[in-house]
Amino acid sequence: MVSSPWPMRVGLLLLREARESDIEQLLSFRNDPAVNRFMLRTSVDPRTFRQEWLAVPTSGTDFSCVAEVDGTVVAMGFLDVVDGMGQPGMPKRTEGVIGYIVEPGSTGKGVASDLARGLLAAAFDRLGLRRVIASCNADNPASARVLEKAGMRREQHGIEDSWHAELGWVDGYQYAILAREWHAIHSPERTLN
């Protein structure tokens with residue numbers, strides 16, 4: 001079993017495993033309508049949400065974390081280890097999928113950018129993954145900028161590829177970065193300080 005990549009400092013953020021005492025704060029902004037505008041899963045069941053977060057420390061593939069500033073949780077980050085595509089016999093668990101949700105009062109302050117960089121650093125520098133992907137709604141230019149600033153490249157523009165209950169069919173972007181690309185542009189000291 002792979003050990004947790006947390007805790008980690010990135011900019012002003014402390015990325016760490018969630019505690020049970022964090023879950024109500026996470027849930028408060030996860031189910032906020034302003035946050036859910038760009039989410040495909042527009043709300044979560046509190047009981048299921050709690051169970052999912054409490055299961056993270058024992059998972060071999062879910063390395064989700066919380067981001068705090070000065071002791072206050074301001075965001076949640078998702079890092080799932082998955083199998084890539086390929087023929088039988090290919091290596092398993094070589095890829096990651098990242099995502100993030102920032103508390104509305106903390107947007108526009110670099111939280112998402114630092115969190116995305118931290119998730120990528122964890123994926124490549126601590127978990128040894130080969131490739132990481134992330135997706136966002138095409139109508140969310142702030143999220144696209146976060147992923148591009150982190151060094152990811154847009155690989156796909158899906159035209160009306162996702163259904164949103166309020167918006168109808170929406171376009172999505174998929175981003176990716178390889179470990180060799182990450183290491184070519186980021187040294188651990190420069191990335192995390």
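Mentor: Start with a term: helices (H or I, at least four residues) and strands (E, at least two) are DSSP runs, numbered from the N terminus. Also, this is a predicted model, where local features need pLDDT of at least 70, side-chain atom pairs count only at pLDDT 80 or more, and totals for chains, interfaces and linings use all residues. Residues are numbered from 1 along each chain as its sequence is written, and side-chain values use heavy atoms, with hydrogens and water left out.

Trainee: What pLDDT does the protein average?
Mentor: The average is 92, and 96% of the residues score at least 70. pLDDT is the predictor's confidence in each residue, from 0 to 100.

Trainee: And where is confidence lowest?
Mentor: In helix α7 (residues 188–192), with a mean of 49. Strand β2 (residues 13–16) has the highest, at 98.

Trainee: New topic. Where is Asp70, and is it buried or exposed?
Mentor: Asp70 sits in the loop between β3 (65–69) and β4 (72–82). Its relative accessibility is 77%, so it counts as exposed. The cut-offs: buried is under 20% relative accessible area, exposed is over 50%, and partly exposed is in between (1.4 Å probe, protein chains only). The phi of Asp70 is positive, near 50°, and this residue is not a glycine.

Trainee: What is phi of Glu160?
Mentor: Near 45°, again a positive value in a residue other than glycine. Glu160 lies in strand β7. It is partly exposed, at 48% relative accessible area.

Trainee: His164 next. Which strand is it in, and what does it touch?
Mentor: His164 is in strand β7 (residues 153–164). Not counting residues up to four places away in sequence, it touches Asn36, Arg37, Met39, Thr42 and Val170. Contact means heavy atoms within 4.5 Å. His164 is buried, with a relative accessible area of 2%.

Trainee: Which residues touch the most others in the largest nonpolar core?
Mentor: Trp6, Leu79, Leu115, Leu120 and Met152, out of 41 residues in that core. Helix α4 (residues 111–126) gives the largest share, ten residues. A nonpolar core is a set of buried Ala, Val, Leu, Ile, Met, Phe, Trp, Tyr and Cys residues joined through side-chain atoms within 4.5 Å. Another core, of 14 residues, lies apart from the largest one, and its members include Ile23, Leu27, Phe49 and Val56.

Trainee: Trp6 again: what kind of peptide bond runs from Trp6 to Pro7?
Mentor: A cis one, with omega near 10°. Pro7 is in the segment before β1 (8–10).

Trainee: Which residues of helix α5 are buried?
Mentor: Ser143, Ala144, Val146 and Leu147, in α5 (residues 141–149). They cover an arc of only 155° around the axis, which puts them on the same side of α5. That arc is the one of the directions from the helix axis to the C-beta atoms. The buried residues of α5 pack against β5 (95–102), α4, β6 (131–137), β7 and β8 (168–178). After α5 comes Gly151, with a positive phi near 100°.

Trainee: Last one. How many disulfides are there?
Mentor: Zero in the whole structure. A disulfide is a pair of cysteine sulfur atoms within 2.5 Å. The sulfur of Cys65 is 19 Å from the closest cysteine sulfur, in Cys136, so it is too far for a bond. Cys65 is buried, at 0% relative accessible area. Cys136 is buried as well, at 10%.
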